[in-house]
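I opened a notebook for this structure. My entries record what I looked up, in the order I took it.

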Amino acid sequence: MEFLIPSRTARPADDPIFALNAEAQARKKAGETVINATVGALLDDDGKLAVIETVVEALRAVAPEVGAAYAPIAGSPAFLEAVIADLFGSRPEAQQAVAVATPGGSGALRHAITNFLEPQQTLLTTSTYWGPYKTLADESDRNLATFRMLDERGRLDVSDLDKKLQGILDAQGRALVFLNTPCHNPTGYSFDDDDWAGAVEVIDRATARGPVSVLVDVAYAKYAQTSLDGAFDRLKKLSGRAMVLVAWSASKSFTQYGLRVGALVAVCPDAEERRRVQSALVYSCRGTWSNCNAAGMAAISRVLTDPELRERVDRERAALKALLDKRVACWNELAAPAGVKYPRYDGGFFTTVFCAEPQKAAARLREEGIFVVPAQGGLRVALCSVAERDVPRLVDGIRRATAS
Ligand SMILES: Cc1ncc(COP(=O)(O)O)c(C=O)c1O
């Protein structure tokens, strides 16, 4: 007898990235000099998780009765205000935004899918995307479709976005688009102003056909070379026409992956719509995880709003970003001249090397103790977990494994 419902009987439980990481660690323990470029977290040059100490201090300082108590279902007001201010500062969007707390950015993505698409409808994102987008869609009985991410010039393929977005609107009358920028996982690509201008123009035109929501997944924003202001300047044009959503996460920006603190932010200039969106999102919170980590929200709101703590966190994060930037610079210096093919990459945790047979190339690299993740059309290379001193060996191995 089968107790699982039919759609759940063949769910894959194993995560290939975790399996690769486990093998890399076991071989390292056995004495091999391994390069493990599979980990999706920032590690220091000794391979230890980089942690912003001031955040840990703030967590330790949370009063027991605050951490032990249920947080409000929407999230604590101080936290939500702090997140909105972190994104928008003194911009007018700050007055038009509503937010709910979510367990990491993942929770924000989940709420966006279930509140802005009907069951069985299709989410649109880039052709290379973070795998859990599909899992989140599946889990909520929605589908995922893609537009070609980069054109022949290696720039955002705005015309394919246009085509696919129109197709989705024709088919289902509404659309939700996920754009992960800056520092896209897994390619490392960050939209520049032209990309944003093109995407916004296409989305703006599409709004004539039906409700379009666009979610910007800013999980890696604090590691980018420029602030989010340029993106918001462009997105402003959509105000009142499209629903602009932001998935905010403390995981990478505060090096607290396990804390599960995040938020979904929606910009709604119309007060009545703002109220409806807020109600729908709060209802979703109650209907999923009920409420989020109270201690986590208290600590993160404190480090966002206490001027002294914020300054210390910013300083510590800047040092981590500098560590990562040096790895990226070293990669760019060696990989581009060696003929390794990858998108424009100027910061962030990952890049993706394009190659014809990713599984084969990854297996060949594994034989020589270099671990990368084979993905759609390429190898995901997590520079966030590779010391700068190992980048030359990493590039050389990849060059040989991907040479056609
Ligand atoms: C592209 C992207 N979005 C969102 C997230 C959300 O992470 P979390 O749920 O830990 O905040 C991640 C984490 O790896 C990510 O890579």
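The entries below go from the whole chain down to single residues.

**Entry 1: the whole protein**

I noted at the start that this is a predicted model. I looked up the secondary structure and found 16 helices and twelve strands. Next I took the extent of the C-alpha trace, which spans about 60 × 55 × 55 Å along its principal axes. I then asked what radius of gyration a compact globule with 404 residues would have.

**Entry 2: strand S7**

I turned to S7, residues 243-249. Is this strand buried or exposed? Seven of its seven residues are buried, so S7 is largely enclosed by the rest of the structure. I sorted its residues by direction. Met 243, Leu 245, Ala 247 and Ser 249 point one way, while Val 244, Val 246 and Trp 248 point the other way.

I then looked up the partners of S7. Strand S6 (residues 212-217) pairs with S7 in the parallel sense over five bridges. Val 214 has Val 244 as its bridge partner in S7. Between S6 and S7 the chain passes through helix H10 (residues 229-235), and this β-α-β crossover is right-handed. Strand S8 (residues 262-267) runs antiparallel to S7, and six bridges join them.

**Entry 3: strands S3 and S4**

I checked another pair. S3 (residues 122-126) and S4 (residues 143-147) are parallel, with five bridges. Leu 123 is bridged to Leu 144 in S4. With helix H7 (residues 132-139), S3 and S4 form a right-handed β-α-β unit.

**Entry 4: the ligand**

Which residues are closest to the ligand? I found Gly 104, Gly 105, Ser 106, Ser 249 and Ser 251, out of 13 residues that surround it. Helix H6 (residues 104-116) gives the largest share of this shell, three residues. By type, I counted three nonpolar, nine polar and one charged residue in the shell.

**Entry 5: backbone exceptions**

Most residues other than glycine have a negative phi, and most peptide bonds are trans. Thr 181 and Pro 182 are joined by a cis peptide bond, with omega about 0°. Asn 185 and Pro 186 are also joined by a cis peptide bond, with omega about 20°. I placed Pro 182 in the loop between strand S5 (175-180) and helix H9 (193-206). Pro 186 is found in the loop between S5 and H9 too.

For phi, I noted Asp 141, with a positive value near 60°. Asp 141 lies in the loop between H7 and S4. It is partly exposed, because 14 other C-beta atoms lie within 10 Å. Ser 290 has a positive phi of about 70°. I found Ser 290 in the loop between helix H12 (271-287) and helix H13 (294-305). Ser 290 is exposed, with 10 other C-beta atoms within 10 Å.

**Entry 6: Ser 7**

I finished at Ser 7, in the segment before helix H1 (16-29). Ser 7 counts as exposed because it has 9 C-beta neighbours inside 10 Å. Its C-alpha atom is separated by 9.9 Å from that of Glu 139, 132 residues apart along the chain.

Methods: Residues are numbered from 1 along each chain as its sequence is written. This is a predicted model: local features need pLDDT of at least 70, side-chain atom pairs count only at pLDDT 80 or more; totals for chains, interfaces and linings use all residues. A residue is near a molecule or strand if its C-beta atom, placed from the backbone, lies within 6 Å of it. Helices (H or I, at least four residues) and strands (E, at least two) are DSSP runs, numbered from the N terminus. Ala, Val, Leu, Ile, Met, Phe, Trp, Tyr, Cys and Pro count as nonpolar, Asp, Glu, Lys and Arg as charged, and the others, Gly among them, as polar. Two strands pair if DSSP finds at least two bridges between them. A crossover is right-handed if, with the strands pointing away from the viewer, the path from the first strand over the helix to the second runs clockwise. A residue is buried if 20 or more other C-beta atoms lie within 10 Å of its own, exposed if 12 or fewer, and partly exposed in between; C-beta atoms are placed from the backbone. The radius of gyration is taken over C-alpha atoms; the globule rule is 2.2 Å times the number of residues to the power 0.38.
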